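Please read the report below alongside the sequence and the coordinates.

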Amino acid sequence: MNDQTITGGCQCGAVRYSAESLGRASICHCRMCQKAFGSFFGPLVHAGGLKWTRGAPKHFQSSNKVKRGFCGECGTPQTYDYGTAEIANGTHDNPELAPPTIVVNPADKLSCFDKLHTLPVRKADAEPSIAEFMNDITSYQHPDHDTDHWPAAEKRPETEK
Ligand SMILES: [Zn+2]
Ligand SMILES: [Zn+2]
């Protein structure tokens with residue numbers, strides 16, 4: 001699909017990976033993907049030459065045939081693993097790399113899904129209190145590139161907002 005180095009990882013940076021290529025990218029509506037991703041669907045992509053470059057995912061055996069990989073520190077979904085591990089598509093450092101090309105398991109699709117694009121959109125400056133909240137946020141999310149050292153745990157405050 002492309003010849004650039006593909007890297008990604010979880011939100012906290014404890015688990016990082018690289019891949020040599022990306023293949024089929026899907027959106028899966030099955031109930032297990034909804035639950036595993038805590039979302040309306042599971043976005044997954046085939047990855048060739050996948051290597052864990054920092055840490056490794058923990059797993060939950062979600063069925064007799066599949067285990068779900070996730071970061072044991074922050075919980076970010078990472079893989080759908082049936083012997084071959086597909087990658088959670090939003091975890092790439094460049095999430096534009098693999099736009100979905102197919103929808104699978106539509107039987108469990110939530111009734112709201114096909115209407116999402118019709119929802120009203122709140123503009124960024126619509127509510128001053130929210131803009132103020134957003135302006136004052138300091139991110140502890142791992143940046144969208146590899147790092148030699150990532151002291152997220154040291155930077156984290158005692159209590160979260
Ligand atoms: Zn993590
Ligand atoms: Zn699924």
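The sections below cover the model, its metal site, its sheets and its nonpolar cores.

## Basis

This is a predicted model, in which local features need pLDDT of at least 70 and side-chain atom pairs count only at pLDDT 80 or more, while totals for chains, interfaces and linings use all residues. Residues are numbered from 1 along each chain as its sequence is written, chains are lettered from A and ligands numbered from 1 in the order in which they are written, and side-chain values use heavy atoms, with hydrogens and water left out.

## Zinc site

Three protein donors, Cys28 (SG), Cys30 (SG) and Cys33 (SG), lie 2.2 to 2.3 Å from the zinc ion (ligand 2). Donors are N, O and S atoms within 2.8 Å of the metal (3.2 Å for Na, K and Ca); water is not among the atoms, so sites may look incomplete. Along the chain, the donors of this zinc ion have the spacing C-x1-C-x2-C.

Cysteine 30 counts as buried because its relative accessibility is 15%, and cysteine 33 counts as buried at 1%. Buried means under 20% relative accessible area, exposed over 50%, and partly exposed in between (1.4 Å probe, protein chains only).

An open sheet of 3 strands has the order 1-2-5, with antiparallel pairing. Its edge strands, strand 1 (6-9) and strand 5 (51-54), each pair on one side only. Strands are DSSP runs (E, at least two residues), numbered from the N terminus, and two of them pair if DSSP finds at least two bridges between them.

Neighbouring strands of this sheet are turned by 30 degrees against each other on average, direction ignored; the axes are lines fitted to C-alpha atoms, and angles run from 0 to 180 degrees between N-to-C directions. Strand 2 (residues 16-19) is joined to strand 5 by 3 bridges. Arginine 16 has arginine 54 as its bridge partner in strand 5.

The order 6-7-8-9-4-3-10 describes an open sheet of 7 strands with mixed pairing.

Over 6 bridges, strand 3 (residues 21-28) pairs antiparallel with strand 4 (residues 42-48). The zinc donor Cys28 stands opposite glycine 42 in strand 4.

## Nonpolar cores

The largest nonpolar core has 10 residues, including Ile6, Tyr17, Leu22, Val45 and Leu97. Strand 2, strand 3 and strand 4 each supply at least two residues of this core. A nonpolar core is a set of buried Ala, Val, Leu, Ile, Met, Phe, Trp, Tyr and Cys residues joined through side-chain atoms within 4.5 Å.

Another core, of 7 residues, lies apart from the largest one; among its members are Cys28, Cys33, Leu44 and Ala88.

Terms used
Helix = DSSP H or I, 4+ residues; strand = E, 2+ residues; numbered from the N terminus.
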